[in-house]
Amino acid sequence: MRTHLIGRPVTGWAIAHVLTESTLFSETWSKLKLGMHTAKQSEEKLKYFHKCVSDAVEHMLNMGSSSEKSMVQEFESFIGTTIPDEISIYPPEVAHTKGNGRRLKRGSEQASSKKTKKKAKKD
């Protein structure tokens, strides 16, 4: 089986990487249409196609939603532990935003206060 990616033929294991969800959907839809076109030519083919589609749909319905479980299982295996059923988070303690009542001085104010202290010590 050969497919093309940006004008270049792709073979081997790279084909699996080329097939995305949208291309799978497109290919499946075109095969379904081709099957319907072929099946409408005779009653026997139509009955066979109907049975195959019905069996496939029944099988998929019985599979359930395994994608959610497999994603959770994959994440649990990645982190190395199971995800707990219940998580209890307590609110943080109330922060004191008022401060201590003192204003922080700018650099120039600190320098001038140091000069006045030096002058006071000399006197």
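Here are questions and answers about terms used for this structure.

Modeller: This is a predicted model, where local features need pLDDT of at least 70, side-chain atom pairs count only at pLDDT 80 or more, and totals for chains, interfaces and linings use all residues. Residues are numbered from 1 along each chain as its sequence is written, and side-chain values use heavy atoms, with hydrogens and water left out.

Biologist: Why are H2 and H3 called roughly antiparallel?

Modeller: H2 and H3 pack at an angle of about 150 degrees. Angles run from 0 to 180 degrees between N-to-C directions, and those over 145 count as roughly antiparallel. H2 and H3 are therefore roughly antiparallel. Their axes, lines fitted to C-alpha atoms over the stretch in contact, lie 8 Å apart.

Biologist: Which residues of H2 and H3 make the contact?

Modeller: Contact means heavy atoms within 4.5 Å. H2 gives Leu32, Gly35, Met36, Thr38 and Ala39. H3 gives Lys45, Leu46, Phe49 and Val53. By class, six are nonpolar, two polar and one charged. Gly counts as polar and Lys as charged.

Biologist: What makes Glu43 and Lys47 a salt bridge?

Modeller: Their closest N and O atoms are 3.3 Å apart. The definition asks for a side-chain nitrogen of Lys or Arg within 4 Å of a carboxyl oxygen of Asp or Glu. So the pair Glu43 and Lys47 qualifies.

Biologist: Why are Glu43 and Lys47 separated by about one helical turn?

Modeller: Because they are four residues apart in helix H3.

Biologist: How many salt bridges does the whole structure have?

Modeller: A search finds two.

Methods:
Helix = DSSP H or I, 4+ residues; strand = E, 2+ residues; numbered from the N terminus. Parallel < 35°, antiparallel > 145°, perpendicular 65-115°, else oblique.
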